[in-house]
Protein chains: 2
Amino acid sequence: MEFHQLKTFITVARTGNVTKAASELNITPPSGSGHIKLLEEEFGVILFTRTSRGMRITSHGELLKSKANDILTASNPV
Amino acid sequence: MEFHQLKTFITVARTGNVTKAASELNITPPSGSGHIKLLEEEFGVILFTRTSRGMRITSHGELLKSKANDILTASNPV
DNA sequence: CACTGTTACGAACTCCGTAATTATG
DNA sequence: CATAATTACGGAGTTCGTAACAGTG
């Protein structure tokens with residue numbers, strides 16, 4: 001679990017769209033897709049269900065979203 | 001700022017010793033020293049004063065210690 | 001066929017560990 | 001001279017982006 005993976009995850013969760021999230025973060029869709037995949041492999045859960053329209057967050061994803069927000073909030077500059 | 005850098009930082013802060021911290025973390029002293037150095041460069045502050053006996057944390061270091069604890073606590077598994 | 005995510009893969013970059021160096025009591 | 005940190009540097013591993021592929025309304 002790395003900070004940039006969590007940032008990608010949060011952005012995908014908000015936009016429901018890997019392509020748009022990648023664009024916001026100035027990375028490419030394959031890179032963003034890889035971030036999500038690595039998180040899913042690390043935790044052994046599916047974070048999003050893939051549809052032809054985009055990404056729908058799962059209940060496991062919601063749990064991580066809460067945790068990720070806590071972490072990123074704590075890491076904000078003073 | 002990366003998780004493993006924060007873990008190294010916290011361990012050095014606790015032990016006052018890069019060599020001992022590195023040993024606990026199963027890394028080498030140059031690696032641990034590099035983690036501290038990168039954090040200092042990223043934030044533009046000195047986190048420890050170097051003595052021939054080891055590392056003494058500075059006031060800036062104390063601030064990061066508090067923040068690092070919050071982040072690592074938030075990142076603990078559920 | 002337009003738009004989505006993913007896979008393949010090569011290049012660039014990063015990070016680690018070994019070895020050598022510096023500093024101090 | 002023992003102990004601690006740091007620097008130098010080469011190799012290993014990671015991560016990125018481009019290009020190609022696959023699925024769906």
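User: What length does helix 3 of chain A reach from its first C-alpha to its last?

Analyst: The model is a predicted one, and in it helix 3 of chain A has 15 residues. At 1.5 Å a residue, the expected reach is 21 Å, and the helix comes close to this, its first and last C-alpha being separated by 21 Å.

User: Are the buried residues of helix 3 of chain A on the same side or on opposite sides of the helix?

Analyst: The buried residues of this helix are Gly32(A), His35(A), Ile36(A) and Leu39(A). An α-helix has 3.6 residues a turn, so residues three or four places apart point the same way.

User: Which residue just after helix 3 of chain A takes a positive phi?

Analyst: The phi in question is about 70°, and the residue that takes it, just after helix 3 of chain A, is Gly44(A).

User: What pattern does chain A follow along the sequence, and why does its radius of gyration agree with a compact globule?

Analyst: The secondary structure of chain A consists of four helices and two strands, which read along the sequence as α-α-α-β-β-α. Along its principal axes, the C-alpha trace of chain A spans about 40 × 25 × 20 Å. Because a compact globule of 78 residues would have a radius of gyration near 12 Å, chain A agrees with that expectation at 12 Å.

User: Which helix of chain A gives the most to the surface near DNA strand C?

Analyst: DNA strand C is surrounded by 19 residues, and the closest are Thr19(A), Pro30(A), Ser33(A), Ser31(B) and Ser52(B). By class, this surface has seven nonpolar, 10 polar and two charged residues. Helix 2 (18–25) and helix 3 (29–43) of chain A, together with helix 3 (29–43) of chain B, each supply at least two of its residues. The element that gives the most, with five residues, is helix 3 of chain A.

User: Which element gives the largest share of the surface near DNA strand D?

Analyst: Around DNA strand D there are 18 residues, the closest being Ser31(A), Ser52(A), Thr19(B), Pro30(B) and Ser33(B). Helix 3 of chain A, along with helix 2 (18–25), helix 3 and strand 2 (54–57) of chain B, each supply at least two residues of this surface. The largest share, five residues, comes from helix 3 of chain B.

User: Which helix of chain B gives the most to the side that touches chain A?

Analyst: Eight residues of chain B are in contact with eight residues of chain A. Those on the side of chain B divide into four nonpolar, one polar and three charged. With four residues, the helix that gives the most to this side is helix 4 (residues 59–74) of chain B.

Methods:
Residues are numbered from 1 along each chain as its sequence is written. Chains are lettered from A and ligands numbered from 1 in the order in which they are written. This is a predicted model: local features need pLDDT of at least 70, side-chain atom pairs count only at pLDDT 80 or more; totals for chains, interfaces and linings use all residues. A residue is near a molecule or strand if its C-beta atom, placed from the backbone, lies within 6 Å of it. Ala, Val, Leu, Ile, Met, Phe, Trp, Tyr, Cys and Pro count as nonpolar, Asp, Glu, Lys and Arg as charged, and the others, Gly among them, as polar. Two residues are in contact if their C-beta atoms, placed from the backbone, lie within 7 Å. The radius of gyration is taken over C-alpha atoms; the globule rule is 2.2 Å times the number of residues to the power 0.38. The expected span of a helix is 1.5 Å times one less than its number of residues. A residue is buried if 20 or more other C-beta atoms lie within 10 Å of its own, exposed if 12 or fewer, and partly exposed in between; C-beta atoms are placed from the backbone.
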